[in-house]
Every structure is written in structure tokens, then in C-alpha cells.
Amino acid sequence: MRTQVGIVGAGPAGLFLALLLQRAGIDCVVLEAKSRDYVESRVRAGVLEQGTVDLMADLGVDARLRRECMIDEGLDIRFSGRLIHLNLPGLTGGKLVHIYGQQEVVKDLIAARLASGGALLFEAEVTRLDNLTGDKPTIHFKHDGKDQTLTCDVIAGCDGFHGVCRPAIPADLLKIYDREFPFSWLGILSESAPLTEMTYANHDRGFALCSRRSPKVARLYVQCPPDDDLADWPDSRIWDELHVRLGDPGRSELAEGRIFQRNIAPVRSFVSAPMRYGRLFLTGDASHIVPPTGAKGLNLAVADVRVLSRALTEFFGNGSAEQLDRYSDTCLRRIWKVVRYSTYMTMLLHRPPDQTPFDREIQLAELDYIANSHAGAVAIAENYVGLPFEED
Ligand code: FAS
Ligand code: PHB
């Protein structure tokens with residue numbers, strides 16, 4: 001097989017890139033290790049920045065989102081029995097965020113790619129990349145029980161944190177920045193009415209978050225020890241901790257319901273640089289992981305793909321590699337600002353097991369400052385809705 005751009009992975013990064021390249025008339029093939037059902041049912045993020053929604057509209061894949069999404073105009077932070085309410089449009093000149101499950105985004109992107117006849121192979125696991133420093137890099141993959149190869153002009157590594165693309169870059173050329181937090185997030189989906197606002201909580205017993213997927217489906221998270229597993233968390237314990245940490249000890253505010261999805265995910269900040277090696281370009285989680293506290297993982301993957309698709313359009317259009325040569329530096333400037341914000345929110349809202357009394361007082365003073373400072377509120381709100389794309 002042969003194509004101009006080989007895309008490894010059909011998560012948000014790979015799928016957005018495929019649709020952007022296809023619209024630019026650039027031939028590309030998407031290779032996804034898992035089945036279509038698997039990727040379409042994988043529950044992850046839920047908060048879409050305006051830039052992500054605008055890109056979906058630009059690609060003509062936003063019809064269902066417009067019907068089904070929820071709009072967040074506010075953000076609540078609860079601590080020490082107090083409430084910080086951030087009016088997002090008021091603090092950011094009219095911006096807000098859309099709530100729409102990542103698996104729904106992936107469904108819409110896959111449907112559009114397949115409807116347009118774009119090449120997208122499922123259960124096609126990439127095993128090796130070759131000739132990355134030449135002008136005909138090659139992807140080796142297994143599909144339909146056969147070992148196959150795809151010869152490309154460029155490879156886009158959109159295969160997430162555990163993929164094969166980042167490891168294809170020689171270790172001595174990669175600088176890794178990694179910070180694993182001493183806690184994880186237990187996340188659930190429940191058939192219950194969520195709180196009316198996106199609500200983060202910093203409680204003596206730990207962090208909690210109430211988001212949503214619809215007026216009848218709540219997306220809820222609690223901080224848990226990093227080595228916990230789901231067996232440690234029966235439904236009763238999950239609801240007990242959510243009520244206490246969200247400031248609803250009387251259990252009169254947060255509705256309970258059947259929990260139909262649950263998982264535990266680590267909380268870490270990770271950046272690998274550079275994001276390019278020869279004709280291989282990394283995007284999204286293949287290159288960086290942000291703590292979910294900032295609700296940025298999916299949106300940052302989209303930001304990378306916007307930059308890469310423009311650079312590839314230039315490269316295939318007039319042969320100039322000028323934007324490709326700047327790809328990594330351009331993306332890393334935004335990535336580090338998003339990692340900063342997500343790390344800040346994680347430190348602000350969680351109770352690490354080794355937190356000293358001094359650190360606890362500093363944390364509470366920071367929350368008290370934000371509660372009484374317009375500048376402090378703006379700083380959180382403008383990052384939460386999404387920083388502007390600098391090249392726009
Ligand atoms: P993805 O990981 O989404 O996609 C990579 C794709 O590549 C996958 O489909 C994978 O199957 C495929 N792949 C891997 N290896 C391959 C191979 N060898 N060959 C072919 N295909 C291969 N972000 C938030 O903002 N909020 C959240 O609450 C949140 N929760 C998360 C929970 C979990 C458990 C995880 C893992 C991530 C979470 N994230 C969250 C972050 C997440 O949303 C990512 O940022 C987002 O999926 C990034 O998209 P991609 O870069 O496309 O990577
Ligand atoms: C979600 O809705 O899944 C969500 C919301 C806010 C976050 C993380 C996840 O910070």
C-alpha cells in the first residue's frame with residue numbers, strides 16, 4: 001500500500017487530521033489497532049473548547065453536537081464550605097465550553113471519514129516504523145491476519161501514550177518531562193441528574209468533580225490512591241465520598257443513580273520533545289499527557305493537529321517544509337502553557353497524601369485569593385475556555 005500521509009491511531013488526533021488532510025486533497029490512510037466498537041465506546045473526556053467545536057463545524061461534523069451537547073457558562077469551585085462561581089462569558093468576553101463526550105466526537109469523525117470514502121482500517125495494529133529519516137518512511141502493520149506495509153511520504157503518530165510512534169524516535173534525541181501525581185481519578189457515569197454547574201471540589205478528604213453528559217447522565221470523579229482498583233470502590237463508597245467532598249453531607253443535592261461505567265486513570269503531566277523525527281510527526285497523547293483537572297487532553301490534541309495539517313498542506317502544496325520545520329516548537333509553546341494550567345489546577349484542588357500543614361494553608365489561601373480577586377478568576381476562566389490560537 002502507498003499513501004502521502006500514514007496516520008497511526010484513530011483517536012481524536014488521528015481522525016481530525018484525516019478529515020483536514022482529506023479536505024486539502026492530501027491522500028492519507030488511518031490505521032487503528034482496535035475495533036470500531038472499541039474506540040467508539042471508550043469513555044474519556046467531555047469538555048470541548050470553542051476551538052475544538054469551531055473545527056468540528058468547519059469540517060461539517062457538528063450537527064449531532066449542536067443537538068445533543070450541553071453548554072457550560074459557569075464553573076464552580078467548592079472549598080471549606082465556600083463557593084467560587086466563575087461566570088465564563090463574563091470573565092472571558094463571551095466564551096464558554098461545550099460538554100460532549102469524547103466517544104461521541106470519535107463517532108462523528110469516524111462516520112464522516114467513512115462516508116467520504118476515506119481509508120480507515122480498524123484492527124490494523126502498527127508494529128514498526130522504518131526509514132523515518134528518508135523520504136519514503138514505511139509503516140508495518142498486521143491486518144486480516146497478514147503482515148502488511150504502507151509506504152508514505154509522511155507519518156503522523158497519533159497513537160496515544162502507549163503507542164509505537166514515540167518509541168520510534170531514538171531515546172537519545174528525546175527529552176522527557178514527567179511528573180506522576182501521588183493519586184488517580186476514579187471516574188463514573190451514572191443515570192442520575194448532575195449538579196447544575198461544572199463543580200470542582202477541594203475537600204479535606206480529597207478532590208471531587210461533578211460534570212455531565214446530559215440532564216440525566218452525570219460524569220463524576222473522585223481522587224483516589226494511585227494503587228487503588230475498582231474492587232476498593234463499591235457504589236456505596238463512591239457515593240459517600242462524592243456527597244461529602246462536594247459539600248452535600250445531607251445527601252439532598254447530588255442525585256444518585258445506577259453506575260453504568262467506571263474506571264481509574266492515573267494523573268500525570270508528561271511532555272516529550274521534539275515532536276518530530278525525520279518524516280515522523282507526533283500529535284496528542286503520543287507526545288504529551290495533561291492531568292484531566294484542566295479538561296485539556298482532547299483539546300490539546302486538536303491544537304497539535306491544526307498546526308500539523310496546515311504544515312502538511314504547505315509541504316504537499318508548494319514543497320516548502322518551513323512550517324513542518326517549526327511544527328514541534330509551535331506546538332510546544334501551547335503545550336507547556338496548557339501543562340502549566342492543568343498542573344496548577346491539579347495542585348490547587350487535590351490533597352496529596354504527603355501534603356504538609358504549610359502546603360495546605362497555602363492551598364486554602366490561593367482559593368481564598370481567587371474567591372476575592374477578579375484577576376484570579378479571569379486567569380482560571382481564560383485558560384478553562386481555551387487560550388486563543390496564536391496564529392489566528
Ligand atoms: P488517543 O489515546 O485517544 O488515541 C490513540 C489511538 O491510537 C487509540 O485509538 C489507540 O487504539 C490507537 N493505537 C495505539 N497504538 C496503536 C498501534 N500500535 N497501531 C494502531 N493504532 C494504535 N482528557 C480530558 O480532557 N478529560 C478527561 O476526563 C480524560 N480522561 C481520560 C481517561 C483515560 C483513561 C485516558 C487514557 C485519557 C483521558 N483523557 C482525558 C485524555 C484523552 O482524552 C486524550 O487527551 C485524548 O484521547 C487524546 O487523543 P489522541 O491523541 O488521539 O490519543
Ligand atoms: C468530563 O466531563 O469528563 C470532565 C470535565 C472536567 C474535567 C475533566 C473531565 O476537568
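How far does a backbone N or O atom of Pro-12 lie from an oxygen atom of ligand 1? Keep that in mind while we look around; the answer comes at the second stop. One thing to know before you start: this is a predicted model.

**Stop 1: the whole chain**

Show the protein as a cartoon. You are looking at a chain with eleven helices and 20 strands. Along its principal axes, the C-alpha trace spans about 65 × 40 × 40 Å. For 392 residues, a compact globule would have a radius of gyration near 21 Å, and this chain has 21 Å, so the two agree. If you colour by burial, buried residues make up 56% of the 392.

**Stop 2: ligand 1**

Now select ligand 1 and the residues around it. There are 33 of them, and those that come nearest are Glu-32, Arg-42, Arg-44, Gln-102 and Gly-297. Here is the answer to the opening question: a backbone N or O atom of Pro-12 is 3.2 Å from an oxygen atom of ligand 1. Next, pick Glu-32, where a polar side-chain atom sits 2.7 Å from a ligand 1 oxygen. Then try Arg-44: one of its polar side-chain atoms also lies 2.7 Å from an oxygen atom of this ligand. On its own, ligand 1 has 990 Å² of accessible area, and the protein covers 85% of it.

Which parts of the fold supply at least two residues each of this shell? Highlight helix 1 (12-23), strand 9 (125-130), strand 17 (258-273) and helix 8 (297-318) to see them. Helix 8 provides the largest share, three residues. Colour the shell by residue class and you will find 17 nonpolar, eight polar and eight charged residues.

**Stop 3: helix 6**

Step just past the end of helix 6 to Gly-117, which takes a positive phi of about 80°.

**Stop 4: ligand 2**

Move on to ligand 2. Its surroundings hold 15 residues, with Tyr-200, Ser-211, Arg-213, Tyr-221 and Pro-292 the closest. Zoom in on Ser-211: an N or O atom of its side chain is 2.6 Å from an oxygen atom of ligand 2. At Arg-213, a polar side-chain atom lies 2.7 Å from a ligand 2 oxygen. Pro-292 takes part through its backbone, with an N or O atom 2.7 Å from an oxygen atom of ligand 2. Taken alone, ligand 2 exposes 280 Å², and the protein buries 97% of that.

Strand 14 (198-203), strand 15 (206-214) and strand 16 each give two or more residues to this shell. Strand 15 gives the most, with three. By class, the shell has nine nonpolar, three polar and three charged residues.

**Stop 5: a loop residue**

Finally, find Asp-229 in the loop between strand 16 (217-224) and helix 7 (235-245). Is Asp-229 buried, exposed or partly exposed? Its relative accessible area is 41%, so Asp-229 is partly exposed. Its side chain reaches the backbone nitrogen of Ala-231 at 2.9 Å.

Key:
Residues are numbered from 1 along each chain as its sequence is written. Chains are lettered from A and ligands numbered from 1 in the order in which they are written. This is a predicted model: local features need pLDDT of at least 70, side-chain atom pairs count only at pLDDT 80 or more; totals for chains, interfaces and linings use all residues. Side-chain values use heavy atoms; hydrogens and water are left out. Helices (H or I, at least four residues) and strands (E, at least two) are DSSP runs, numbered from the N terminus. A residue is near a molecule or strand if one of its heavy atoms lies within 4 Å of it. A polar contact is a pair of N or O atoms within 3.5 Å; within protein, one must be able to donate a hydrogen and the other to accept it, and residues adjacent in sequence count only if both atoms are side-chain atoms. Accessible areas come from the Shrake-Rupley method with a 1.4 Å probe; for residues, only the protein chains shown count as cover. Ala, Val, Leu, Ile, Met, Phe, Trp, Tyr, Cys and Pro count as nonpolar, Asp, Glu, Lys and Arg as charged, and the others, Gly among them, as polar. Buried means under 20% relative accessible area, exposed over 50%, partly exposed in between (1.4 Å probe, protein chains only). The radius of gyration is taken over C-alpha atoms; the globule rule is 2.2 Å times the number of residues to the power 0.38.
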